[in-house]
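Please keep the sequence and the structure in view while reading.

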Amino acid sequence: MKIAIIGTGYVGLVSGTCFAAWGHHVVCVDIDSARIEALSRGEVAIFEPGLTNLVIANLESGHLRFTTDLESAVRGADIIFLAVGTPASNHDGDADLSYVFKAARQTALALSGPALIVTKSTVPVGTSERLEAVMRSVRADIEFEVASNPEFLREGSAIADFDKPDRVLIGCNSDRGRALLCALYQPLSDAGVPIIATTCRSAELTKYAANAFLATKITFINEMADLCEKVGANVDEIALGMGLDKRIGDAFLKAGPGYGGSCFPKDTVALLRTAQECGVSLRLVEETIASNTSRKRTLARRLSALLGEPVQSKKIAVLGLTFKAGTDDMRNAPSLTLINALQSAGAQVHAFDPRGMKNAHALLRDVTFSSSPYECAEDADAIVLMTDWQCLRNLDFKRLGATMNRRVLLDLRGVYDVDTLVTRYGFTVERVGYPVRRPPEERAIRINRRVIYIPPGTEVRNGTRNLFDTSFVRKSNANDRKELDHD
Ligand SMILES: NC(=O)c1ccc[n+]([C@@H]2O[C@H](COP(=O)([O-])OP(=O)(O)OC[C@H]3O[C@@H](n4cnc5c(N)ncnc54)[C@H](O)[C@@H]3O)[C@@H](O)[C@H]2O)c1
């Protein structure tokens, strides 16, 4: 088939490249001419494992082409996919459909014969019908139809997800359009992937329902993690015990800093707006959004409680910035909320991410970006693990601890072995979903209602006067007898 993809971002580029790899002739269009020029040379600006090689292979085979010329791409195409962004609008968080409508209008004007236009972008229920009406208003002379084929790929495993999806949703109101999309996805149906044919409206709403459900599942386990921290239970054991129940399933039951990324935050809010417009209350979704937002906002306070003192003037090393591992996408990453809160409280933030620092640079101010986790943690008062990149899972904590000012770790992804960190390396550790663990020698004393944690190897001189004297705590380590900073 001849396929045009309008919008060559994470979804458009992966979809177009995979369709080309299936043997179709694909032209990917974008308004970003620098991106298109780079892609035409085989340079992929986004980080998605395996994508660059696949783009190069399909450029070389002649199945894939990139252009900014929408008109030439659309002319003669059997199927035209709209894969432009649908971000949250600044005004009320509803989906901003301006890119979709603009692309649809441009497409309508460029049509030269019958065509099937398919929304791959995530759009609110009813949008495909609205798009069709707008397109008809500018091109009444040509036969075309608008269908919905929402995309479920995940950044970080996008190619595998596209090639082996759990299902394909085809929302189409005509037999002809449905048959064309079924023919396109035949390699998948032949491989046993369920192809679900629905109306446009059902397909559009299914995408939002799926994302809202996953966001709710994450939020549920995060709230269980909060409870585990208080009652001394282990959230990973809870998740295992729940997840092995086939009615529940184990995916999205990993406690963490709260969901972020380019989809869940905007899609949950857009779903809520749709429901509100219809007078329907989606209380679960509402609570999910509220719980997740407050979780992300309290991360900085959590760190301050762990330190036992305000973060003002403290050096905090943030390891991992992207909203999840495997992508360079920084959109709505929880690290942004944490870093902004830390900076507002007067902390100095140093950060490291193996892939996300370029995008993070554009979104953050006054952050020192480091070239390695070890450089990032030098002289730090605490480390916060925000993203569970593989390279951050196996850190040398002896080396890290040796250069830190205080050995404090907030593990918001639940990847480190708390026992080892505490007993072998003398760290104070808070792992999401577990009570705080401090090294055995570390003692807590209370002065004027403030709790001060005294790290291992610290000598405390007795005597009332000394307790209120700022010099009462000294490191007994012979190499480093410096006063600890506290009031
Ligand atoms: N990113 C994901 O993991 C994911 C997964 C499933 C669904 N989705 C949905 O897919 C859609 C696209 O998401 P994305 O992450 O790929 O967005 P993106 O921002 O990475 O890419 C969108 C691209 O569209 C281009 N564009 C905008 N207007 C255009 C026009 N008139 N003509 C040509 N190009 C135009 C932009 O320049 C940009 O490159 C969204 O609706 C999103 O919700 C995303």
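## Polar atoms around the ligand

In this predicted model, an N or O atom in the side chain of Ser-262 is 3.5 Å from a nitrogen atom of the ligand. Thr-122 instead places a backbone N or O atom 2.9 Å from an oxygen atom of the ligand.

Which residues come nearest to the ligand? There are 27 residues around the ligand, and those that come nearest are Val-11, Asp-30, Thr-86, Glu-155 and Lys-266.

## Division of the chain

The domain assignment divides the chain into four parts: domain 1 covers 2-198, domain 2 covers 207-297, domain 3 covers 299-431 and domain 4 covers 443-486. The rest of this report concerns domain 2 and domain 3, whose C-alpha centres are 24 Å apart.

## The interface of domain 2 and domain 3

The size of an interface is often expressed as the accessible area that is lost when the parts come together. For domain 2 and domain 3, the buried area is about 1,300 Å², and carbon and sulfur atoms give 48% of it. The contact involves 16 residues of domain 2 and 17 residues of domain 3.

How many salt bridges does the rule find across this interface? There are three salt bridges between domain 2 and domain 3. Arg-302 and Asp-226 form a salt bridge, with their closest N and O atoms 3.5 Å apart. Seven residue pairs are in polar contact between the two domains.

## The side supplied by domain 2

On the side of domain 2 that touches domain 3, helix H10 (200-231) and helix H13 (283-297) each supply at least two residues. H13 gives the largest share, three residues. By type, this side of domain 2 consists of four nonpolar, five polar and seven charged residues.

Notes. Residues numbered from 1 in each chain as written. Predicted model: local features only at pLDDT ≥ 70, side-chain atom pairs only at ≥ 80, totals over all residues. Heavy atoms only, no water. Domains from an automatic or database assignment. Contact = heavy atoms within 4.5 Å. Buried area = accessible area lost by both parts, 1.4 Å probe. Salt bridge = Lys/Arg side-chain N within 4 Å of Asp/Glu carboxyl O. Polar contact = N/O pair within 3.5 Å; in protein donor to acceptor, adjacent residues only side chain to side chain. Helix = DSSP H or I, 4+ residues; strand = E, 2+ residues; numbered from the N terminus. Nonpolar A, V, L, I, M, F, W, Y, C, P; charged D, E, K, R; others polar. Near = heavy atom within 4 Å.
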